[in-house]
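The structure comes first, and the notes follow.

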Amino acid sequence: MADSITVSELSRQIKQHLEPRFANVAVTGEISNYRGVHHSGHVYCNLKDDGAQIRLIIWGSTLSRQRFELKDGLEVTITGKLDVYARRGEYSLVATTVTPKGTGALQLAFQQMHDRLQAEGLFDAARKRNLPQYPRRIGVVTSPTGAAVRDIITTACRRNRNVELFIVPVKVQGEGAALEIAKALRWLNAVNDHLALDLIIAGRGGGSLEDLWAFNEEPVARAIFESAIPVISAVGHEVDVTIADLVADLRAPTPTAAAEIAVPELAVMEEACAEFDLRLHRALRHTAEVWRGRLDTLASRLAGVGPLNLLRREQQRLDYLWEGLTRQVKHRVQSGNELVASLAARLEGLSPVAVLQRGYSITFDDTGKVLRDASQAKAGQRIRTRLGKGEFNSRVEGPVS
Amino acid sequence: MARKNNPEITPPTGERFENLVASVEEALRALEGGELPLEDALKRYEEGVKALRKCYGILKQAEARVLLLTEQNGQAQTRPFDAEGETHKAPEENAGGKLF
(Lines give C-alpha, C1' and ligand atoms only; values in the text may rest on other atoms or scores of the structure.)
Protein backbone atom coordinates (compact mmCIF):
# COMPACT_ATOMS: atom_id res chain seq x y z
CA MET A 1 0.00 0.00 0.00
CA ALA A 2 1.37 3.29 -1.02
CA ASP A 3 1.97 6.09 1.38
CA SER A 4 -1.13 8.12 1.87
CA ILE A 5 -1.20 11.75 0.83
CA THR A 6 -3.39 14.55 2.05
CA VAL A 7 -6.54 15.72 0.28
CA SER A 8 -4.84 19.01 -0.39
CA GLU A 9 -1.91 17.26 -1.96
CA LEU A 10 -4.20 15.18 -4.18
CA SER A 11 -6.09 18.26 -5.22
CA ARG A 12 -2.88 20.09 -5.93
CA GLN A 13 -1.73 17.21 -8.13
CA ILE A 14 -5.05 17.08 -9.96
CA LYS A 15 -4.89 20.83 -10.54
CA GLN A 16 -1.31 20.51 -11.76
CA HIS A 17 -2.24 17.75 -14.16
CA LEU A 18 -5.50 19.08 -15.47
CA GLU A 19 -5.09 22.83 -15.79
CA PRO A 20 -2.09 22.83 -18.19
CA ARG A 21 -3.73 20.04 -20.18
CA PHE A 22 -6.94 22.11 -20.67
CA ALA A 23 -5.47 25.60 -20.68
CA ASN A 24 -6.95 26.48 -24.03
CA VAL A 25 -10.09 24.63 -25.09
CA ALA A 26 -13.09 25.34 -27.22
CA VAL A 27 -16.24 23.63 -26.02
CA THR A 28 -19.69 23.63 -27.53
CA GLY A 29 -22.73 23.07 -25.38
CA GLU A 30 -25.94 24.50 -24.07
CA ILE A 31 -26.24 27.04 -21.29
CA SER A 32 -28.20 25.71 -18.34
CA ASN A 33 -28.95 26.70 -14.79
CA TYR A 34 -28.50 30.34 -15.78
CA ARG A 35 -29.52 32.60 -12.92
CA GLY A 36 -28.53 35.95 -14.33
CA VAL A 37 -25.48 37.97 -13.52
CA HIS A 38 -24.30 37.51 -9.95
CA HIS A 39 -24.03 40.70 -7.92
CA SER A 40 -20.29 40.33 -8.17
CA GLY A 41 -20.71 40.98 -11.90
CA HIS A 42 -19.81 37.45 -12.92
CA VAL A 43 -21.95 34.67 -14.29
CA TYR A 44 -22.00 31.18 -12.78
CA CYS A 45 -23.95 28.60 -14.72
CA ASN A 46 -23.53 25.25 -16.42
CA LEU A 47 -22.60 24.17 -19.90
CA LYS A 48 -24.15 20.86 -20.81
CA ASP A 49 -25.00 18.41 -23.53
CA ASP A 50 -26.96 15.14 -23.48
CA GLY A 51 -24.36 13.23 -21.55
CA ALA A 52 -22.59 15.62 -19.23
CA GLN A 53 -22.32 19.05 -17.76
CA ILE A 54 -19.62 21.31 -16.47
CA ARG A 55 -19.66 24.40 -14.35
CA LEU A 56 -19.12 27.51 -16.42
CA ILE A 57 -17.74 30.78 -15.13
CA ILE A 58 -17.88 33.97 -17.17
CA TRP A 59 -16.13 36.87 -15.51
CA GLY A 60 -17.67 40.28 -15.69
CA SER A 61 -14.87 41.57 -17.89
CA THR A 62 -15.62 38.89 -20.47
CA LEU A 63 -19.33 39.47 -20.11
CA SER A 64 -19.06 43.18 -20.88
CA ARG A 65 -17.72 42.36 -24.33
CA GLN A 66 -20.82 40.34 -25.16
CA ARG A 67 -23.66 42.18 -26.76
CA PHE A 68 -26.24 39.43 -26.56
CA GLU A 69 -27.86 38.04 -23.49
CA LEU A 70 -27.28 34.59 -22.10
CA LYS A 71 -30.17 32.35 -21.35
CA ASP A 72 -30.93 28.71 -20.69
CA GLY A 73 -30.93 26.54 -23.77
CA LEU A 74 -28.69 28.91 -25.73
CA GLU A 75 -26.14 26.93 -27.70
CA VAL A 76 -22.73 28.48 -27.44
CA THR A 77 -19.11 27.77 -28.11
CA ILE A 78 -16.90 28.67 -25.19
CA THR A 79 -13.21 29.19 -25.50
CA GLY A 80 -11.37 29.22 -22.23
CA LYS A 81 -9.53 27.11 -19.74
CA LEU A 82 -10.21 24.60 -17.08
CA ASP A 83 -10.02 25.79 -13.50
CA VAL A 84 -9.77 23.44 -10.53
CA TYR A 85 -11.12 24.87 -7.30
CA ALA A 86 -9.42 22.68 -4.74
CA ARG A 87 -11.28 24.05 -1.73
CA ARG A 88 -14.54 22.58 -2.99
CA GLY A 89 -13.19 19.79 -5.14
CA GLU A 90 -14.78 21.28 -8.23
CA TYR A 91 -13.58 21.97 -11.67
CA SER A 92 -15.04 24.62 -13.93
CA LEU A 93 -14.66 26.02 -17.38
CA VAL A 94 -13.64 29.68 -17.32
CA ALA A 95 -14.71 31.41 -20.49
CA THR A 96 -12.55 33.81 -22.44
CA THR A 97 -15.06 34.17 -25.26
CA VAL A 98 -18.67 33.17 -25.67
CA THR A 99 -19.98 32.75 -29.20
CA PRO A 100 -23.54 31.81 -29.94
CA LYS A 101 -23.79 28.87 -32.27
CA GLY A 102 -25.37 29.26 -35.68
CA THR A 103 -26.24 32.93 -35.89
CA GLY A 104 -23.47 35.34 -35.10
CA ALA A 105 -23.23 37.12 -31.81
CA LEU A 106 -24.32 40.44 -33.25
CA GLN A 107 -27.19 38.83 -35.04
CA LEU A 108 -28.38 37.25 -31.86
CA ALA A 109 -28.03 40.47 -29.89
CA PHE A 110 -29.97 42.24 -32.60
CA GLN A 111 -32.72 39.66 -32.49
CA GLN A 112 -32.99 39.73 -28.75
CA MET A 113 -33.21 43.48 -28.45
CA HIS A 114 -35.43 43.65 -31.46
CA ASP A 115 -37.93 41.33 -29.81
CA ARG A 116 -37.84 43.21 -26.56
CA LEU A 117 -38.28 46.68 -28.04
CA GLN A 118 -40.96 45.42 -30.37
CA ALA A 119 -42.89 44.01 -27.44
CA GLU A 120 -42.62 47.42 -25.79
CA GLY A 121 -44.12 49.07 -28.85
CA LEU A 122 -41.09 51.10 -29.94
CA PHE A 123 -41.57 50.08 -33.56
CA ASP A 124 -45.34 50.63 -33.72
CA ALA A 125 -46.40 52.26 -36.94
CA ALA A 126 -49.11 54.11 -35.04
CA ARG A 127 -46.62 56.16 -33.04
CA LYS A 128 -44.64 57.33 -36.03
CA ARG A 129 -45.08 61.04 -36.56
CA ASN A 130 -45.65 62.83 -39.81
CA LEU A 131 -42.62 64.59 -41.13
CA PRO A 132 -42.95 68.32 -41.74
CA GLN A 133 -43.54 68.93 -45.42
CA TYR A 134 -41.46 72.08 -45.57
CA PRO A 135 -38.84 71.94 -42.82
CA ARG A 136 -36.94 75.17 -42.30
CA ARG A 137 -34.28 73.91 -39.94
CA ILE A 138 -32.93 70.38 -39.78
CA GLY A 139 -30.58 68.85 -37.21
CA VAL A 140 -28.10 66.35 -38.61
CA VAL A 141 -26.67 64.00 -35.99
CA THR A 142 -23.69 62.30 -37.58
CA SER A 143 -19.94 62.30 -37.88
CA PRO A 144 -18.68 65.71 -39.05
CA THR A 145 -16.22 63.91 -41.29
CA GLY A 146 -16.95 61.25 -43.82
CA ALA A 147 -19.20 60.93 -46.79
CA ALA A 148 -22.57 60.88 -45.02
CA VAL A 149 -22.50 64.48 -43.83
CA ARG A 150 -21.28 65.69 -47.22
CA ASP A 151 -23.96 63.71 -49.05
CA ILE A 152 -26.66 65.18 -46.84
CA ILE A 153 -25.41 68.75 -47.21
CA THR A 154 -24.90 68.51 -50.96
CA THR A 155 -28.25 66.92 -51.59
CA ALA A 156 -30.20 69.25 -49.31
CA CYS A 157 -28.63 72.41 -50.73
CA ARG A 158 -29.06 71.26 -54.30
CA ARG A 159 -32.77 70.69 -53.77
CA ASN A 160 -33.56 73.80 -51.85
CA ARG A 161 -31.56 76.87 -50.87
CA ASN A 162 -34.22 77.74 -48.38
CA VAL A 163 -33.15 75.40 -45.60
CA GLU A 164 -30.83 75.49 -42.61
CA LEU A 165 -28.78 72.48 -41.56
CA PHE A 166 -27.37 72.22 -38.07
CA ILE A 167 -24.67 69.57 -38.04
CA VAL A 168 -24.34 67.98 -34.61
CA PRO A 169 -21.02 66.13 -34.53
CA VAL A 170 -20.98 62.72 -32.87
CA LYS A 171 -18.93 59.58 -32.92
CA VAL A 172 -20.80 57.06 -35.01
CA GLN A 173 -18.81 53.93 -34.32
CA GLY A 174 -16.70 52.36 -31.67
CA GLU A 175 -16.78 52.55 -27.93
CA GLY A 176 -19.29 55.06 -26.59
CA ALA A 177 -20.73 56.00 -29.97
CA ALA A 178 -24.26 54.90 -29.09
CA LEU A 179 -24.27 56.95 -25.91
CA GLU A 180 -23.01 60.01 -27.79
CA ILE A 181 -25.70 59.72 -30.42
CA ALA A 182 -28.35 59.24 -27.76
CA LYS A 183 -27.06 62.20 -25.78
CA ALA A 184 -27.03 64.45 -28.83
CA LEU A 185 -30.62 63.53 -29.65
CA ARG A 186 -31.73 64.26 -26.10
CA TRP A 187 -29.84 67.52 -25.99
CA LEU A 188 -31.41 68.73 -29.23
CA ASN A 189 -34.83 68.03 -27.80
CA ALA A 190 -33.97 69.75 -24.55
CA VAL A 191 -32.92 72.99 -26.25
CA ASN A 192 -35.33 72.91 -29.15
CA ASP A 193 -37.39 75.85 -27.86
CA HIS A 194 -34.32 77.80 -28.75
CA LEU A 195 -33.20 75.88 -31.84
CA ALA A 196 -36.59 75.37 -33.48
CA LEU A 197 -35.55 72.29 -35.41
CA ASP A 198 -38.36 70.80 -37.48
CA LEU A 199 -36.63 67.52 -38.08
CA ILE A 200 -33.57 65.46 -37.20
CA ILE A 201 -31.60 63.21 -39.52
CA ALA A 202 -29.48 60.71 -37.59
CA GLY A 203 -27.16 58.38 -39.40
CA ARG A 204 -23.87 57.50 -40.97
CA GLY A 205 -22.46 56.05 -44.12
CA GLY A 206 -22.01 52.41 -44.95
CA GLY A 207 -19.73 50.04 -43.10
CA SER A 208 -19.52 46.59 -41.62
CA LEU A 209 -22.22 45.34 -39.32
CA GLU A 210 -19.88 46.15 -36.43
CA ASP A 211 -19.35 49.68 -37.75
CA LEU A 212 -23.08 50.29 -37.82
CA TRP A 213 -23.61 48.71 -34.46
CA ALA A 214 -24.11 51.91 -32.48
CA PHE A 215 -27.40 52.30 -34.33
CA ASN A 216 -28.47 48.92 -33.04
CA GLU A 217 -27.99 49.82 -29.44
CA GLU A 218 -30.73 50.44 -26.99
CA PRO A 219 -29.75 53.97 -25.86
CA VAL A 220 -30.06 55.19 -29.45
CA ALA A 221 -33.37 53.37 -29.91
CA ARG A 222 -34.78 54.94 -26.75
CA ALA A 223 -33.51 58.43 -27.56
CA ILE A 224 -35.15 58.27 -30.97
CA PHE A 225 -38.33 56.94 -29.42
CA GLU A 226 -38.41 59.77 -26.89
CA SER A 227 -37.54 62.53 -29.34
CA ALA A 228 -40.31 65.07 -29.71
CA ILE A 229 -38.69 66.21 -32.94
CA PRO A 230 -39.41 63.76 -35.77
CA VAL A 231 -36.39 61.64 -36.66
CA ILE A 232 -35.31 60.23 -40.01
CA SER A 233 -32.74 57.46 -39.71
CA ALA A 234 -30.16 57.05 -42.43
CA VAL A 235 -27.74 54.29 -41.63
CA GLY A 236 -25.39 52.68 -44.11
CA HIS A 237 -26.62 51.34 -47.38
CA GLU A 238 -29.96 50.25 -48.71
CA VAL A 239 -29.62 46.72 -47.28
CA ASP A 240 -28.69 47.70 -43.75
CA VAL A 241 -31.60 47.85 -41.38
CA THR A 242 -30.81 48.81 -37.83
CA ILE A 243 -32.87 49.09 -34.69
CA ALA A 244 -32.64 52.86 -35.10
CA ASP A 245 -34.31 52.47 -38.49
CA LEU A 246 -37.17 50.57 -36.93
CA VAL A 247 -37.78 53.16 -34.21
CA ALA A 248 -37.32 56.24 -36.40
CA ASP A 249 -40.34 58.02 -37.81
CA LEU A 250 -38.97 57.26 -41.22
CA ARG A 251 -36.13 55.10 -42.43
CA ALA A 252 -34.11 56.47 -45.30
CA PRO A 253 -32.06 53.84 -47.12
CA THR A 254 -29.01 56.13 -47.32
CA PRO A 255 -27.95 59.58 -46.05
CA THR A 256 -28.50 61.01 -49.53
CA ALA A 257 -32.01 59.59 -49.57
CA ALA A 258 -32.64 61.12 -46.14
CA ALA A 259 -31.88 64.57 -47.50
CA GLU A 260 -34.10 63.90 -50.50
CA ILE A 261 -36.97 62.86 -48.28
CA ALA A 262 -36.50 65.69 -45.82
CA VAL A 263 -36.01 68.62 -48.15
CA PRO A 264 -38.64 69.46 -50.77
CA GLU A 265 -37.37 70.55 -54.14
CA LEU A 266 -37.66 74.27 -54.69
CA ALA A 267 -38.86 73.67 -58.24
CA VAL A 268 -41.73 71.57 -56.94
CA MET A 269 -42.70 74.31 -54.50
CA GLU A 270 -42.59 76.85 -57.30
CA GLU A 271 -44.80 74.70 -59.46
CA ALA A 272 -47.28 74.33 -56.65
CA CYS A 273 -47.41 78.11 -56.27
CA ALA A 274 -47.90 78.64 -59.98
CA GLU A 275 -50.77 76.20 -59.94
CA PHE A 276 -52.39 77.93 -56.98
CA ASP A 277 -51.99 81.21 -58.82
CA LEU A 278 -53.82 79.88 -61.84
CA ARG A 279 -56.56 78.25 -59.81
CA LEU A 280 -57.23 81.39 -57.80
CA HIS A 281 -57.71 83.45 -60.93
CA ARG A 282 -59.79 80.84 -62.62
CA ALA A 283 -62.06 80.44 -59.62
CA LEU A 284 -62.64 84.17 -59.31
CA ARG A 285 -63.37 84.46 -62.99
CA HIS A 286 -65.82 81.62 -62.80
CA THR A 287 -67.61 83.20 -59.87
CA ALA A 288 -67.84 86.51 -61.71
CA GLU A 289 -69.25 84.78 -64.77
CA VAL A 290 -71.91 83.09 -62.72
CA TRP A 291 -72.86 86.48 -61.34
CA ARG A 292 -72.90 88.14 -64.72
CA GLY A 293 -75.32 85.50 -65.90
CA ARG A 294 -77.57 86.17 -62.96
CA LEU A 295 -77.55 89.93 -63.44
CA ASP A 296 -78.38 89.50 -67.09
CA THR A 297 -81.34 87.39 -66.19
CA LEU A 298 -82.38 89.87 -63.57
CA ALA A 299 -82.08 92.80 -65.95
CA SER A 300 -84.25 91.22 -68.54
CA ARG A 301 -86.88 90.27 -65.99
CA LEU A 302 -86.94 93.83 -64.74
CA ALA A 303 -87.60 95.21 -68.17
CA GLY A 304 -91.29 95.74 -67.50
CA VAL A 305 -91.36 96.64 -63.81
CA GLY A 306 -89.92 100.03 -62.97
CA PRO A 307 -86.41 98.94 -63.76
CA LEU A 308 -84.63 102.15 -63.08
CA ASN A 309 -84.70 101.93 -59.35
CA LEU A 310 -83.31 98.44 -59.44
CA LEU A 311 -80.87 99.30 -62.13
CA ARG A 312 -79.59 102.05 -59.94
CA ARG A 313 -79.05 99.64 -57.09
CA GLU A 314 -77.27 97.28 -59.39
CA GLN A 315 -75.24 100.16 -60.60
CA GLN A 316 -74.05 100.88 -57.10
CA ARG A 317 -73.32 97.24 -56.59
CA LEU A 318 -71.33 97.03 -59.77
CA ASP A 319 -69.47 100.20 -58.94
CA TYR A 320 -68.47 98.59 -55.69
CA LEU A 321 -67.39 95.38 -57.35
CA TRP A 322 -65.62 97.30 -60.03
CA GLU A 323 -63.59 99.04 -57.36
CA GLY A 324 -62.77 95.69 -55.84
CA LEU A 325 -61.66 94.33 -59.14
CA THR A 326 -59.56 97.36 -59.91
CA ARG A 327 -57.89 96.82 -56.59
CA GLN A 328 -57.24 93.23 -57.55
CA VAL A 329 -55.76 94.21 -60.84
CA LYS A 330 -53.41 96.55 -59.01
CA HIS A 331 -52.49 93.78 -56.63
CA ARG A 332 -51.75 91.13 -59.13
CA VAL A 333 -49.20 88.60 -58.10
CA GLN A 334 -47.43 87.49 -61.17
CA SER A 335 -47.90 87.32 -64.84
CA GLY A 336 -50.96 85.45 -65.91
CA ASN A 337 -53.10 88.19 -64.52
CA GLU A 338 -54.57 88.79 -67.93
CA LEU A 339 -57.34 86.70 -66.48
CA VAL A 340 -58.17 89.43 -64.04
CA ALA A 341 -57.95 92.03 -66.73
CA SER A 342 -60.34 90.15 -68.95
CA LEU A 343 -62.61 89.64 -66.01
CA ALA A 344 -62.60 93.37 -65.43
CA ALA A 345 -63.49 93.92 -69.06
CA ARG A 346 -66.40 91.55 -68.77
CA LEU A 347 -67.70 93.16 -65.64
CA GLU A 348 -67.59 96.46 -67.43
CA GLY A 349 -70.05 94.96 -69.85
CA LEU A 350 -72.47 94.93 -66.96
CA SER A 351 -72.20 98.63 -66.24
CA PRO A 352 -75.33 100.81 -66.65
CA VAL A 353 -74.01 102.15 -69.92
CA ALA A 354 -74.12 98.69 -71.36
CA VAL A 355 -77.61 98.22 -69.97
CA LEU A 356 -78.70 101.37 -71.76
CA GLN A 357 -77.22 99.98 -74.90
CA ARG A 358 -79.56 97.05 -74.62
CA GLY A 359 -82.51 99.48 -74.99
CA TYR A 360 -83.13 100.90 -71.55
CA SER A 361 -83.17 104.61 -70.91
CA ILE A 362 -82.97 106.95 -67.97
CA THR A 363 -85.12 110.03 -67.62
CA PHE A 364 -84.17 113.15 -65.63
CA ASP A 365 -86.33 116.09 -64.63
CA ASP A 366 -85.33 119.68 -65.35
CA THR A 367 -83.21 119.75 -62.18
CA GLY A 368 -81.27 116.70 -63.25
CA LYS A 369 -83.00 114.33 -60.81
CA VAL A 370 -83.74 110.84 -62.06
CA LEU A 371 -87.45 110.21 -62.50
CA ARG A 372 -88.54 106.98 -60.92
CA ASP A 373 -92.30 107.40 -60.69
CA ALA A 374 -94.70 108.61 -63.36
CA SER A 375 -96.44 110.83 -60.77
CA GLN A 376 -93.22 112.83 -60.46
CA ALA A 377 -93.74 114.10 -64.00
CA LYS A 378 -96.24 116.93 -64.40
CA ALA A 379 -97.86 117.92 -67.64
CA GLY A 380 -95.80 120.51 -69.44
CA GLN A 381 -92.61 119.68 -67.57
CA ARG A 382 -89.38 119.49 -69.52
CA ILE A 383 -87.53 116.21 -69.15
CA ARG A 384 -84.26 114.85 -70.44
CA THR A 385 -83.81 111.21 -71.53
CA ARG A 386 -80.50 109.41 -71.84
CA LEU A 387 -80.29 106.50 -74.23
CA GLY A 388 -77.57 104.04 -74.98
CA LYS A 389 -76.18 106.69 -77.26
CA GLY A 390 -76.98 110.35 -76.76
CA GLU A 391 -79.78 112.26 -75.04
CA PHE A 392 -82.83 114.22 -76.01
CA ASN A 393 -85.22 116.67 -74.34
CA SER A 394 -88.97 116.40 -74.40
CA ARG A 395 -92.09 117.82 -72.71
CA VAL A 396 -94.53 115.78 -70.64
CA GLU A 397 -98.06 115.70 -72.06
CA GLY A 398 -99.69 113.96 -69.14
CA PRO A 399 -99.98 110.63 -67.36
CA VAL A 400 -100.85 107.51 -69.27
CA SER A 401 -104.25 106.47 -68.04
CA MET B 1 -17.38 82.22 -20.52
CA ALA B 2 -19.79 85.08 -20.70
CA ARG B 3 -23.18 84.09 -21.87
CA LYS B 4 -23.35 85.58 -25.27
CA ASN B 5 -26.17 85.88 -27.66
CA ASN B 6 -25.97 83.58 -30.56
CA PRO B 7 -27.93 85.27 -33.30
CA GLU B 8 -27.38 82.31 -35.60
CA ILE B 9 -29.74 80.25 -33.52
CA THR B 10 -32.70 82.58 -33.26
CA PRO B 11 -35.72 80.68 -34.52
CA PRO B 12 -36.66 81.32 -38.13
CA THR B 13 -39.12 84.17 -38.44
CA GLY B 14 -42.08 84.67 -40.70
CA GLU B 15 -44.91 82.35 -41.48
CA ARG B 16 -44.34 78.71 -42.32
CA PHE B 17 -44.73 77.71 -45.94
CA GLU B 18 -47.16 74.95 -45.05
CA ASN B 19 -49.41 77.39 -43.17
CA LEU B 20 -49.44 79.77 -46.11
CA VAL B 21 -50.22 76.91 -48.46
CA ALA B 22 -53.06 75.93 -46.16
CA SER B 23 -54.45 79.51 -46.36
CA VAL B 24 -54.30 79.44 -50.14
CA GLU B 25 -55.99 76.07 -50.19
CA GLU B 26 -58.70 77.30 -47.88
CA ALA B 27 -59.38 80.29 -50.13
CA LEU B 28 -59.46 77.97 -53.11
CA ARG B 29 -61.86 75.58 -51.43
CA ALA B 30 -64.26 78.44 -50.78
CA LEU B 31 -63.86 79.91 -54.25
CA GLU B 32 -64.01 76.68 -56.17
CA GLY B 33 -66.79 75.32 -54.00
CA GLY B 34 -69.06 77.46 -56.14
CA GLU B 35 -71.65 79.85 -55.01
CA LEU B 36 -69.97 82.61 -53.08
CA PRO B 37 -71.47 86.07 -53.34
CA LEU B 38 -69.18 88.13 -55.53
CA GLU B 39 -68.04 90.32 -52.65
CA ASP B 40 -67.04 87.27 -50.61
CA ALA B 41 -65.40 85.73 -53.63
CA LEU B 42 -63.27 88.83 -54.03
CA LYS B 43 -62.40 88.78 -50.36
CA ARG B 44 -61.37 85.14 -50.54
CA TYR B 45 -59.43 85.77 -53.67
CA GLU B 46 -57.63 88.63 -52.02
CA GLU B 47 -56.74 86.42 -49.03
CA GLY B 48 -55.48 83.69 -51.32
CA VAL B 49 -53.37 86.09 -53.31
CA LYS B 50 -51.93 87.59 -50.15
CA ALA B 51 -50.84 84.21 -48.83
CA LEU B 52 -49.53 83.18 -52.20
CA ARG B 53 -47.46 86.33 -52.45
CA LYS B 54 -45.83 85.38 -49.14
CA CYS B 55 -45.15 81.91 -50.54
CA TYR B 56 -43.30 83.45 -53.44
CA GLY B 57 -41.40 85.61 -50.98
CA ILE B 58 -40.20 82.52 -49.12
CA LEU B 59 -39.14 80.82 -52.33
CA LYS B 60 -37.01 83.82 -53.19
CA GLN B 61 -35.26 83.74 -49.84
CA ALA B 62 -31.55 83.66 -49.46
CA GLU B 63 -28.92 81.01 -49.27
CA ALA B 64 -28.96 77.73 -47.43
CA ARG B 65 -26.98 77.78 -44.19
CA VAL B 66 -24.93 74.91 -42.85
CA LEU B 67 -23.72 75.32 -39.29
CA LEU B 68 -21.85 73.12 -36.87
CA LEU B 69 -23.86 72.96 -33.67
CA THR B 70 -22.18 72.04 -30.42
CA GLU B 71 -22.83 72.33 -26.73
CA GLN B 72 -20.61 74.49 -24.60
CA ASN B 73 -21.35 74.94 -20.92
CA GLY B 74 -24.88 73.89 -21.64
CA GLN B 75 -25.23 76.56 -24.34
CA ALA B 76 -25.76 75.84 -27.97
CA GLN B 77 -22.88 77.19 -30.04
CA THR B 78 -22.64 77.41 -33.77
CA ARG B 79 -19.99 78.09 -36.33
CA PRO B 80 -20.02 77.76 -40.09
CA PHE B 81 -19.57 74.17 -41.12
CA ASP B 82 -17.04 73.28 -43.74
CA ALA B 83 -17.16 69.63 -44.67
CA GLU B 84 -13.80 69.76 -46.43
CA GLY B 85 -12.15 71.50 -43.51
CA GLU B 86 -13.53 68.95 -41.09
CA THR B 87 -12.29 66.09 -43.19
CA HIS B 88 -8.78 67.41 -43.29
CA LYS B 89 -8.42 67.75 -39.56
CA ALA B 90 -6.71 65.12 -37.51
CA PRO B 91 -9.25 62.62 -36.24
CA GLU B 92 -8.63 63.57 -32.60
CA GLU B 93 -9.54 67.15 -33.33
CA ASN B 94 -12.95 66.45 -34.63
CA ALA B 95 -13.80 63.39 -32.63
CA GLY B 96 -17.38 63.89 -31.61
CA GLY B 97 -16.44 62.61 -28.21
CA LYS B 98 -15.12 65.96 -27.19
CA LEU B 99 -18.33 67.63 -28.09
CA PHE B 100 -20.67 65.10 -26.64
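Helix α1 of chain B covers residues 17–32, and at 1.5 Å a residue its 16 residues should span 22 Å; the end C-alpha atoms are 22 Å apart, so the two values agree. The model is predicted.

**Helix α1(B) and its packing**

- The buried residues of α1(B) are Phe17(B), Glu18(B), Leu20(B), Val21(B), Val24(B), Ala27(B), Leu28(B) and Leu31(B).
- Helix α2 of chain B, residues 38–59, has an axis that comes within 8 Å of the α1(B) axis, and the two cross at roughly 155 degrees.
- Because angles over 145 degrees count as roughly antiparallel, α1(B) is roughly antiparallel to α2(B).
- The α1(B)/α2(B) crossing is left-handed.
- On the α1(B) side, the residues that meet α2(B) are Phe17(B), Leu20(B), Val21(B), Ser23(B), Val24(B), Glu26(B), Ala27(B), Ala30(B) and Leu31(B).
- On the α2(B) side, they are Ala41(B), Arg44(B), Tyr45(B), Gly48(B), Ala51(B), Leu52(B), Lys54(B), Cys55(B), Ile58(B) and Leu59(B).

**Glu18(B)**

- Glu18(B) lies in helix α1 of chain B.
- Its relative accessibility is 19%, and buried means under 20%, so Glu18(B) counts as buried.
- Apart from neighbours within four places in sequence, Glu18(B) is in contact with Pro132(A), Gln133(A) and Tyr134(A).

**Helices α4(A) and α9(A)**

- Helix α4 (residues 147–159) and helix α9 (residues 255–262), both of chain A, have axes that come within 8 Å and cross at roughly 30 degrees.
- Angles under 35 degrees count as roughly parallel, and therefore α4(A) is roughly parallel to α9(A).
- The crossing of α4(A) and α9(A) is right-handed.
- From α4(A), the contact involves Ala148(A), Asp151(A), Ile152(A), Thr155(A), Ala156(A), Arg158(A) and Arg159(A).
- From α9(A), it involves Pro255(A), Thr256(A), Ala259(A) and Glu260(A).

**Chain A totals**

- Chain A contains 13 helices and 13 strands.
- Of the 401 residues in chain A, 43% are buried.
- Where contacts in chain A link residues at least 6 apart in sequence, 62% of them join residues at least 24 apart.
- Chain A has an accessible surface of about 21300 Å², and carbon and sulfur atoms account for 52% of that surface.

Note on methods. Residues are numbered from 1 along each chain as its sequence is written. Chains are lettered from A and ligands numbered from 1 in the order in which they are written. This is a predicted model: local features need pLDDT of at least 70, side-chain atom pairs count only at pLDDT 80 or more; totals for chains, interfaces and linings use all residues. Side-chain values use heavy atoms; hydrogens and water are left out. Helices (H or I, at least four residues) and strands (E, at least two) are DSSP runs, numbered from the N terminus. Buried means under 20% relative accessible area, exposed over 50%, partly exposed in between (1.4 Å probe, protein chains only). Contact means heavy atoms within 4.5 Å. Accessible areas come from the Shrake-Rupley method with a 1.4 Å probe; for residues, only the protein chains shown count as cover. The expected span of a helix is 1.5 Å times one less than its number of residues. Axes are lines fitted to C-alpha atoms, for helices over the stretch in contact, and angles run from 0 to 180 degrees between N-to-C directions. Angles under 35 degrees count as roughly parallel, over 145 as roughly antiparallel, 65 to 115 as roughly perpendicular and the rest as oblique. A crossing is left-handed if the near helix is turned anticlockwise from the far one by less than a right angle, and right-handed if clockwise.
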